[in-house]
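Here is a short briefing for a reader new to this structure. Look over the sequence and the model, then take the points by topic.

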Amino acid sequence: MGSKKKWIDKAQENLQECSRELSALFTPLLDSNGIVDLNEIENQSGMAYSMALLLGKLLLLENDKDLRRFGADDVVPLKIEISENQRLAYWGQIYWLALPEDHRCHRSYQDPFYALFEVTDDQLEIKELSFGDLDRTDLDSDQWVEQKMNWMYEMYT
């Protein structure tokens, strides 16, 4: 039991580190409201990688063993919207490295992703996080970010 507690403590510590990294990337975006021009984000690949790490750490802490079988490579941003200079909505496309056997994607190893964050005092708080689409919506266009999704997994809602 002691080794499991150490493992959980380490995972939570790693989660906090990922949150700090994302917070550092998100904080400059909070100076404005509305849709962020993704072309102006200097470290978009770092953001995609850090978001994948955050998702991975969150899934490792879940009790559901199937959720722990997911492994994301990147969560590439497709749309970021800022409101009230502290809330950040992030729509992205997950590129998976590993999936549970029975998980169905639109295309092999790709899923939609949505997260809502609130940043206060340089602390990142996850308000909502959803991924996977039961309807396997076409991800080849960015139009899905404007649609109501039939999410497979919803956390923090």
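A residue is called buried when its relative accessible area is under 20%, exposed when that value is over 50%, and partly exposed in between. By that definition, buried residues make up 43% of the 157 residues in the protein chain. The model is predicted. The chain holds two helices and six strands.

**Overall build**

- Read from the N terminus, the elements run α-β-α-β-β-β-β-β.
- The radius of gyration is 15 Å, close to the 15 Å that the globule rule gives for 157 residues, so the chain is as compact as a globular protein of that length.
- Along the principal axes, the C-alpha atoms fill a box of roughly 45 × 35 × 25 Å.
- Take the contacts between residues at least 6 apart in sequence: 58% of them join residues at least 24 apart.

**Surface and charge**

- The protein chain has an accessible surface of about 9000 Å².
- Carbon and sulfur atoms account for 42% of that surface.
- The chain carries 16 positive and 30 negative charges.

- S1 covers residues 34–35 and S2 covers residues 71–83; two bridges join them, and they run antiparallel.
- Within this pair, Gly 34 stands opposite Ile 82 of S2.
- S2 is joined to S3 (residues 87–98) by eleven bridges, again in the antiparallel sense.
- Ala 72 has Trp 96 of S3 as its bridge partner.
- S3 pairs with S4 over nine bridges, and this pair is antiparallel.
- Here Tyr 90 is bridged to Ala 115 of S4.
- S4 (residues 110–120) and S5 (residues 123–133) are antiparallel partners over eight bridges.
- Phe 117 has its bridge partner in S5, namely Ile 126.
- S5 also pairs with S6 (residues 151–155), over four bridges and in the antiparallel sense.
- For Leu 129, the bridge partner in S6 is Met 155.

**Hairpin S2–S3**

- Three residues lie between S2 and S3, and the two strands form a hairpin.
- Glu 84 is in the loop between S2 and S3.
- Its phi is positive, about 55°, although Glu 84 is not a glycine.
- Is Glu 84 buried or exposed? Glu 84 counts as exposed because its relative accessibility is 57%, and the cut-off for exposed is over 50%.
- Asn 85 is found in this loop between S2 and S3 too.
- Phi of Asn 85 is near 50°, a positive value in a residue other than glycine.
- With a relative accessible area of 37%, Asn 85 is partly exposed.

**Hairpin S4–S5**

- S4 and S5 form a hairpin with two residues between them.
- In the turn, Asp 121 has a positive phi of about 50°.

- Helix H2 spans residues 44–60, and Met 51 lies in it.
- Met 51 counts as buried because its relative accessibility is 0%.
- Which residues does Met 51 touch, not counting those up to four places away in sequence? They are Leu 22, Phe 26, Val 75, Tyr 90, Phe 113 and Phe 117.
- Met 51 and Pro 77 are 26 residues apart along the chain, and their C-alpha atoms are separated by 9.2 Å.

Key
Residues numbered from 1 in each chain as written. Predicted model: local features only at pLDDT ≥ 70, side-chain atom pairs only at ≥ 80, totals over all residues. Heavy atoms only, no water. Rg over C-alpha atoms; globule rule 2.2 N^0.38 Å. Buried < 20%, exposed > 50% of the residue type's maximum accessible area, 1.4 Å probe, protein only. Contact = heavy atoms within 4.5 Å. Areas by Shrake-Rupley, 256 points an atom, 1.4 Å probe, with all protein chains shown as cover. Lys, Arg positive; Asp, Glu negative; His and termini not counted. Charge placed at Lys NZ, Arg CZ, Asp CG, Glu CD. Pairing = 2+ DSSP bridges.
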